[in-house]
Structures are given as C-alpha cells and as structure tokens.
Amino acid sequence: PDFITFDMGGTSTDVALIDKGRPQIATDLEVHGRPLKTPMLDIHTVGAGGGSIAFVDEGGHLKVGPRSAAAVPGPVCYGLGNEEPTVTDANVVLGILHPTHLLGGRMVIDRDRAVAALSRLAERLGLGVMETAQGVISVVTANMARAIRVISVERGYDPRDYALMAFGGAGPLHAARLARELGVGRILVPRNPGVACAMGLLLTDLKTNFAAGRLIAFDEAVGASLEAAFAGLERQAEAWFAEEGIAPADRIVARSLDMRYVGQAHELSVACPAGAFDAAARAAVRDGFEAAHRHVYGFIADDEAMQVVTIRIEATGRAPKAEIAALAPADRPAEAVLAGAREVWMPEAGGFVSCPLYDRDRLGPGHVVAGPAIVDQMDSTTLILPGQTAKVDAWLNLVIEERT
C-alpha cells in the first residue's frame, strides 16, 4: 500500500512518496505576491530524462543533465540534428533500447549516430564506448536516487519500506537499477506506463480543500472554537458539492488541523475525527500530533503547550471511474510468447549477454520472466536485471522483485 512514484520522461524525473499514514504536505506558495499554504503532494523534480545531455565538465568528470535535447531535435539517434549524446543514446548503444526503431516501429532509430556521439565523449574520458554509455546510465541513476532520498530519507522515511512504482516512457527502463541503488525490493510497472498519468485522470475523484486560519490554544476549551470553524468550512464544502453536481451519497468530508508547540515556526498536519470535538477527539488529535512530531523531529515535549494554527477540511466527490478488471491466468507459458533475443551490454553480467525479449502485449497473468530480460511495448521498455524476476499479476502489472 505504500510506494514511491518514479515518473521519468524525456526531460525530467518526478518522484513522490505515497504513504497511507502520511498526511499531505502543507506547502507555502506565493500567488500574486501573497503567501498561500495549501495541501498538496510533495513531488520532487530533477533534470534527468531520456533527453538529458551527457557531457564532460571542466574538471574532467562525466555529468548528465539538467540540460536536455528536448523532443526536437531530441537524442542523437533521432537523426534530427542534435550531436550531443543523451541518456536515450546510451540505452540504444548498450542494446537496452531497440537499435532500429521505437514506438512499435513508428519511430526510426539510428544507432550508428548514437555510437559516434558516445565515441566522442569516450575519447574525452579515456574510456571505451560501452563503458562510457554505461557511465551515463550510472550517473543519471545516481541523480534520480538523490531525488528519491530527498522525499524519503530526508523526511524520515526509509525507501526500503516502499515499493517503487515506475512509469512515464523511461521509468521502467531505469527502475531496476534505481531500485538496487536504493535497496528497494519491489518494483511495480503498470500496464501502460507511458500513459499512466492520463489513466489516472480516469480513476480519480473530484477533490478540493477549504481552510480557515486561526490561532487557538489546544486546551480543554478548544472544542467550541473548532466546531464553529469546521461548521463554516463544511458549509463552503456543501456549496461546492452542489455546484459540481455531486450526489449526497458521493460526498466525503475529512477534517484536519495544522498544529505546533507554542513558539514553533512550522506546523504539522493532524487528522481530526468527525462529529463533536469532545475529550476523546481531543485525545486522538493530541496523540496524532505527538506521533507526527516524534517522527519528523525525533522527540515530543510533554511540558509544552500546543496550539492550532489552521483548521482544514478536504471535500471529495466520488466520480464514475474506468474499471480495471482482474483477468484469468494465462493459458500458456511465458516461453511461448518470446519475441526473440538481443545482445545487451550489462555490467551486472560482466559484458554482453544474450537478453530474451518479450512482447508486453502477449504476456498474461501468472507469467514469470527471469532476468536478464527486456519487455518491449509501444509506450515503454522494461529492463529486468540478472537476479531479478518479473511476474505479471491479474491486472497485467509487472511486479519485479529480487530473487532470493
């Protein structure tokens, strides 16, 4: 249920940590010169994508990004005029990406151009072409690992406790090495990683937030003030539900409080029970604040007074969604849907290795693919390393785990 999202596209990588026990982050924004604190997902972005350009800096070190070749002219292998090698070019040279085409044959790839560009970079580094191409992959993997540590380790969360959900056109291509870098034991690749964000729009509810700024002592008399504030916010939510045409049975309201110890400059968001704010509700909120404070700061201060800074409600309107049905197990073994093999350069295998290729469209529930292997599909490519196994679940997700 808890996972780290890894969305790698052409120019950047977006990562976020989704934890059922972690509230949304109240983030400070500035709108028309005015500060605004609003709940949102804590998404961190770095300049690491398929089009990120590899170069040698003034100190002679290999760097990747944040400068990008973008979609046009794109990587060298697109043949549209760029001469600087990119992450995509490195994957083409290594054999991980198809050497002649992408997008199911819709886009022609020129591997020779990519080799020439990587060769120029290799000369500056004093390395072979394959070692240089793998160096590009290693550097961009390190860049993405740092991004994930920002939203996990630096927030007090251990990435090893989470699954890595890889999507975007390039996410599944790099997820296996990224997971190993972080010690993550499970990777989830959705059925169509290249259009996962669009699919998300078909599976989400309507949602908005309402807030009231207050500075209230969190003591035995706090209940009346909180109930009055929540009542006002819930009237706003009811008006929003009516405006959006949400049926009463599909309306959900969740309460929360931004709290701190008196004198602190930062608040923590704490869930607040519905109904009357009685002694039981006050105890639940106090326990929630102390648990959050201990997690974030490592301690609680029993003798310090608490205060409420902001009262919030999140209004959710359940909407009709696209249904994804579980499928029956495949009626033939995975070996029956092999699409061929390709020579791939993998340091994990000590050099070139014949890598079996699988067509994602022909894989079904229950199929198991042992690495090294490559799973091709129109909108992405999934790399499975030696020592890893991918299993297709009932919803056609690929679940990649380390073999024990």
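View 1. F352 is partly exposed, with a relative accessibility of 48%; the term covers values between buried, under 20% relative accessible area, and exposed, over 50%, for a 1.4 Å probe and protein chains only. The residue belongs to strand β17, which spans residues 351-359. Strands are DSSP runs of E with at least two residues, helices are runs of H or I with at least four, and both are numbered from the N terminus. Leaving aside residues up to four places away in sequence, F352 touches M130, E343, V344 and W345, a contact being heavy atoms within 4.5 Å. G95 lies 257 residues from F352 along the chain, and the C-alpha atoms of the two are 9.2 Å apart. Because this is a predicted model, local features need pLDDT of at least 70 and side-chain atom pairs count only at pLDDT 80 or more, while totals for chains, interfaces and linings use all residues. Residues are numbered from 1 along each chain as its sequence is written, and side-chain values use heavy atoms, with hydrogens and water left out.

**View 2. A nonpolar surface patch that includes L203.** M199, L202, L203, I324 and W395 form a nonpolar surface patch of about 460 Å². Patch residues have over 30% relative accessible area and no salt bridge; like charges are joined within 9 Å, and nonpolar side chains (Val, Leu, Ile, Met, Phe, Trp, Tyr) within 5 Å. A salt bridge is a side-chain nitrogen of Lys or Arg within 4 Å of a carboxyl oxygen of Asp or Glu. Accessible areas come from the Shrake-Rupley method with a 1.4 Å probe, and for residues only the protein chains shown count as cover. L203 is located in the loop between α5 (196-201) and β12 (206-217), and its relative accessible area of 35% makes L203 partly exposed.

View 3. The volume of the largest cavity is about 30 Å³. A cavity is a set of points, on a 1 Å grid over the protein atoms alone, where a 1.4 Å probe fits but cannot get out; lining residues have an atom within 4 Å of a point. Grid points are joined across faces, edges and corners, and the volume is the space filled by probe spheres set on the points. The lining consists of N91, I96, I137, T141, L173, H174, R177 and L383. Two or more of the lining residues come from each of α3 (129-151) and α4 (171-182), and α4 gives the most, with three residues.

Key
On a 1 Å grid over the protein atoms alone, a cavity is a set of points where a 1.4 Å probe fits but cannot get out, and a pocket is an open set with protein on both sides within 12 Å along at least five of seven lines; lining residues have an atom within 4 Å of a point.
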